[in-house]
Amino acid sequence: MEDLAPKMNTPRVAVIGGGYAGMAAAVELADAGLAVTVFEAAPELGGRARRVLYRDTVLDNGLHIGIGAYRKLLSLIARTGGAGAKPAWHRSPLDWRIGSSLHLRAPRWPAPLHLLAALAGARGLSPGSRWDALRLIAGLRVRNYRIAGDPTVAAWLTRAGQGTQIIEGLWAPLCVAALNTPVDTASAQVFANVLRDSLGATREASDLLLPATDLTSLFPAPAAAHVQARGGRVLCGQRVTRIVPAAGHWSVECGRAHAAAGTNATAEVHATAEVHAVAEAHAVAGERAVAEAHAVAEAHAVAGERSVAGEPAVAEERAVAEERAVAEAHATAENRFDAVVLAVAPRALADLTSEWPALQAVHRCVSGYTYEPITSIYLQYPDTVALPHSMLGFEQGPGQWVFDRGALTGQHGLLGVVISASAAQRGSDHEALAAAVHAQLQQLLPALPPALWHKVITEKLATFACTPGLARPPTATGAPGVFLAGDHVASDYPATLEGAVRSGQLAASAVTGYLRGR
Ligand SMILES: Cc1cc2nc3c(=O)[nH]c(=O)nc-3n(C[C@H](O)[C@H](O)[C@H](O)COP(=O)(O)OP(=O)(O)OC[C@H]3O[C@@H](n4cnc5c(N)ncnc54)[C@H](O)[C@@H]3O)c2cc1C
């Protein structure tokens, strides 16, 4: 079998953050033959798209959906093995059901016939609303999906003469689902980009994708196995506190975040040998240091052999000291990186860059972000409970969409309800919220028994608020060899899995370009 482990003089790259962006970068870098080390602060990979264990049940921190336009994510999942033998996603043509008031379903026809047919056959839309929708997409096409001045989605829809029914039935829920930002504050340009790559693109691009497994198993875990099989390292529970220049390289300093089992409590303790803080002077010529330490060790070993008869205790002490010298030299070499990918979320990026002179532009850019929360409410019912469709929208809140985990992941009786842009729920009592959502579900399933348990998870900083004209940092930074990845990095996309993965791939290609040019 081919030895895929990086060689001694292979350039070394640190990826900080093991979310979808970081793991996408790590896969690309490992495939390019570089020696990759991923540092992830949490005990689990996946970041804002990760599995959560509750009462022996695998949940996700938030219910996610994808669309067929997530081409890069889909191909990376296929490359890294995805969910193993099982399909990673349930894929179906666009099927938009909101209560009994709206049903839009695209047939398996080529674009734009799929959209025309979906609108023509839509239940719950007046002829005027269908015409509104067609006009909007056709107008966008003519203008190449560019919107002058980037107004809010609400202002743009009004300007485009869209009626209340199509706004409330289709555009507003689509905008909140895709941008996690309400129409009143969301960027019309980013929304237009989403329409371009979904409803305005091929039929396949508008397909709906619902994960068939938990979000860590979907990509980050197989990606980690892929990286490790190529000699890379994936270190969980390693919070990077500082990245310091070290004689033309970068040295990564860590604290270790320990999660106490079953609680959210984390305690920062100092990491030892493996990701030890490395003084600049020690980092010079790390490989040479390893070689020198080996030479010293060998010389000592010879001396030790000579002393076997007379001084065994001294020989043992020397052996321990020699081992330590070799370990320290290895630690030095292992923490010296030729390039760094910062794949942390914007708030963490603001923290990491606050005292980093070369990254002040990045720091200023991301420290001004505001965020939109997302709340997921899981309710476990007896396993005979099932929805008529695996995903359904509600006409009235608080829940917006419900997913049947029995149909999706084989977790029978488990329903997951999502509330995007959930600022209105801030501070609400979990019991009351679960009760309100249960009441909503009873409208769909009148014979619904009481839930056996429920779990409410709110991601307060789920995504940056995708507002008009938002400045997003580019991949390259002011520091040589340091690149950014993450859903916030400048792109056409809102904060999505696909945006994260694309940013990771771009960062990886920036790293390889940089290393070639050195
Ligand atoms: C509840 C919810 C629902 C969502 N729904 C959808 C959806 O339906 N469809 C969709 O496409 N997108 C959705 N998103 C958005 C999507 O999850 C994100 O865009 C994507 O996961 C971001 O990935 P990322 O790698 O850029 O960042 P993150 O996932 O935030 O990854 C950053 C990683 O860096 C780690 N980290 C931070 N600081 C440090 C440090 N100092 N040292 C080491 N590691 C560190 C973090 O622990 C984290 O793992 C949703 C998000 C949430 C929260």
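Predicted model: local features only at pLDDT ≥ 70, side-chain atom pairs only at ≥ 80, totals over all residues.
The protein chain contains 17 helices and 21 strands. Of its 518 residues, 46% count as buried. Among contacts with a separation of 6 or more, 71% join residues 24 or more positions apart.

In soluble globular proteins, nonpolar side chains tend to be buried together. In this model, the largest nonpolar core has 110 residues. Val13, Ala25, Ala26 and Val341 have the most contacts inside it. Helix α1, which spans residues 20-31, gives the most to this core, with 9 residues. Domain 1 (12-86 + 214-278 + 336-368 + 468-517) and domain 2 (94-206) both supply residues to the core, so it lies between them. Another core, of 23 residues, lies apart from the largest one. Its members include Tyr378, Met391, Val417 and Leu433. Ala26 illustrates the contacts made in the largest core. Leaving aside residues up to four places away in sequence, Ala26 touches Val15, Val36, Val38, Ala223, Val227 and Gly232.

An open sheet is formed by 5 strands in the order β10-β2-β1-β15-β21. The pairing is parallel. Its edge strands are β10 (233-236) and β21 (482-484), each of which pairs on one side only. Neighbouring strands are turned by 15° against each other on average, direction ignored. Helix α1 packs on this sheet and touches β1 (12-16), β2 and β15 (339-342). The direction of α1 makes about 165° with that of β2. Strand β2 covers residues 35-40 and runs parallel to β10, with 4 bridges joining the two. Within this pair, Val38 has Val234 of β10 as its bridge partner.

Val340 is found in strand β15. This residue counts as buried because it has 26 C-beta neighbours inside 10 Å, against a cut-off of 20 or more. Val340 and Val13 are 327 residues apart in sequence. In space, their C-alpha atoms are 5.6 Å apart. Val340 also touches Ala14, Ile16, Ile243, Trp250, Gly481 and Val482, not counting residues up to four places away in sequence.

Another open sheet has 3 strands, in the order β5-β9-β6, and its pairing is antiparallel. Strands β5 (66-67) and β6 (89-92) are at the edges, and each pairs on one side only. Strand β9 (residues 208-211) is joined to β5 by 2 bridges, and the two run antiparallel. Gly66 has Leu209 in β9 as its bridge partner.

Helix α2 (residues 71-80) meets helix α17 (residues 497-517). Their axes come within 8 Å and cross at roughly 70°. That angle makes α2 roughly perpendicular to α17. On the α2 side, the contact involves Lys72, Leu73 and Leu76. On the α17 side, it involves Leu497, Glu498, Val501, Arg502 and Gln505.

Strand β19 (residues 414-419) has 6 of its 6 residues buried, so it is largely enclosed by the rest of the structure. Leu414, Gly416 and Val418 point one way from β19. Leu415, Val417 and Ile419 point the other way. Strand β16 (residues 371-380) runs antiparallel to β19, with 6 bridges between them. Strand β18 (residues 401-404) also pairs with β19 in the antiparallel sense, over 4 bridges. Val418 in β19 stands opposite Ser376 and also opposite Trp401.

The peptide bond from Gly397 to Pro398 is cis, with omega near 5°. Pro398 lies in the loop between β17 (391-393) and β18. Asn144 is a residue other than glycine with a positive phi, near 55°. This residue sits in the loop between α4 (127-142) and α5 (153-159). Asn144 is exposed, with 8 other C-beta atoms within 10 Å. Ala247 likewise is not a glycine, yet has a positive phi of about 50°. Ala247 occupies the loop between β11 (238-246) and β12 (249-259). With 13 C-beta neighbours inside 10 Å, Ala247 counts as partly exposed.

Notes. Residues numbered from 1 in each chain as written. Core = buried A, V, L, I, M, F, W, Y, C linked by C-beta atoms within 7 Å. Buried ≥ 20, exposed ≤ 12 C-beta atoms within 10 Å, placed from the backbone. Domains from an automatic or database assignment. Contact = placed C-beta atoms within 7 Å. Pairing = 2+ DSSP bridges. Axes fitted to C-alpha atoms, helices over the stretch in contact; angles between N-to-C directions. Parallel < 35°, antiparallel > 145°, perpendicular 65-115°, else oblique.
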